[in-house]
Amino acid sequence: MDAQQITSFVASTHQVFTTMLSLSVTASKPYTCCAVPRFENEVSGIIGMSGDVQGMVVLSFPTTTACNVIRSFTGMDMDPTSPDFADAVGELVNMISGAAKAKFEGKNVSISCPSVVIGKGHKVQQPSDATCITIPFECPAGAFSLEVAIKNAKVAAKAA
Amino acid sequence: MKVMLVDDSKTMRTIQRNILLQLGYKEIEEACDGQDALSKVSAFAPELLLVDWNMPNMDGITFVRTYRAQGGRAPIVMVTTEAEKTRVVEAIKAGVNNYVVKPFTPDSLSQRIGETLSRLKAA
């Protein structure tokens with residue numbers, strides 16, 4: 001993973017939140033995922049990447065922030081246990097990942113359909129052979145983070 | 001005008017439905033993937049389709065190819081996160097008439113729908 005790819009995820013998160021939610025976001029300095037997280041993950045949207053870039057992208061929120069974000073996205077208050085809430089979280093991480101991969105020049109990358117995990121204090125295990133970077137964000141709806149653990153396929157093939 | 005929305009995300013279908021309702025389109029059918037859409041196109045006979053790319057069971061590009069191969073002629077706007085030029089070219093070759101990249105604003109979706117229908121009228 002290179003700095004440009006991290007920049008792509010920051011830009012795509014900004015783009016999705018501004019365009020679809022009318023929320024401005026501010027990114028703080030990214031850190032490796034082994035560092036202590038700022039909050040307990042309660043709602044996570046997960047996307048897999050395959051092709052020239054492989055790995056996983058996880059959009060994580062505390063429940064309160066997730067509810068605020070989904071209200072801005074859908075215009076409705078949703079129960080975090082409802083399937084529609086999970087669907088909306090999945091669509092957010094789908095758009096962020098899709099917009100980010102479009103900025104990976106010269107790379108042919110596919111993304112999976114999203115999965116969503118809801119539950120207090122869960123941890124999404126990232127692939128062990130990719131460096132995991134957490135990008136912390138703040139927006140008027142609250143704090144959230146984007147964990148990115150990706151590697152370039154050629155590098156992976158060499159290492160194998 | 002009859003419009004079919006094909007997207008696995010109910011959230012996205014609802015957002016698109018609300019935009020279409022504001023534009024005055026009232027006959028709207030929804031499908032949750034390509035297979036579901038294929039099973040509904042004959043009965044509903046859409047005059048415009050908005051189709052996502054990444055969906056389970058049957059993705060949007062396979063749906064477009066199958067729909068066109070079966071003689072489906074309604075204009076298709078692909079609404080997707082797939083923004084790379086190669087994907088856009090692939091979609092156009094498959095029979096897509098116009099392309100909207102997510103995230104989108106209501107105005108940009110409205111504009112693309114308008115463009116698509118105007119081009120068809122002029123042809």
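Which unit do β1(B), helix α1 (residues 10-22) of chain B and β2(B) make? In this predicted model, the three elements form a right-handed β-α-β unit. Its two strands are β1, residues 2-6 of chain B, and β2, residues 27-31 of chain B. These strands pair in the parallel sense. The pairing runs over 5 bridges. Within it, B:M4 of chain B stands opposite B:E29 in β2(B).

Chain B also holds a pair of packed helices. Helix α3 spans residues 60-69 of chain B, and helix α4 spans residues 85-94 of chain B. Their axes lie 9 Å apart. The packing angle is about 20 degrees. Angles under 35 degrees count as roughly parallel, and α3(B) and α4(B) are therefore roughly parallel to each other. From α3(B), the contact is made by B:I61, B:V64 and B:R65. From α4(B), B:E90, B:A91 and B:A94 take part. By residue class, this contact of α3(B) with α4(B) has 4 nonpolar residues and 2 charged ones. No polar residue is found there.

The two chains also touch each other. Chain A brings 17 residues to the contact, and chain B brings 16 residues. On the side of chain A that touches chain B, α1 (3-21) and α3 (83-101) of chain A each supply at least two residues. The most comes from α3(A), which gives 9 residues to this side. What is the division of the residues on the side of chain A that touches chain B into nonpolar, polar and charged? There are 8 nonpolar, 6 polar and 3 charged residues on this side of chain A.

Key:
Residues numbered from 1 in each chain as written. Chains lettered and ligands numbered in written order. Predicted model: local features only at pLDDT ≥ 70, side-chain atom pairs only at ≥ 80, totals over all residues. Contact = placed C-beta atoms within 7 Å. Helix = DSSP H or I, 4+ residues; strand = E, 2+ residues; numbered from the N terminus. Nonpolar A, V, L, I, M, F, W, Y, C, P; charged D, E, K, R; others polar. Pairing = 2+ DSSP bridges. Right-handed = clockwise from strand over helix to strand, strands pointing away. Axes fitted to C-alpha atoms, helices over the stretch in contact; angles between N-to-C directions. Parallel < 35°, antiparallel > 145°, perpendicular 65-115°, else oblique.
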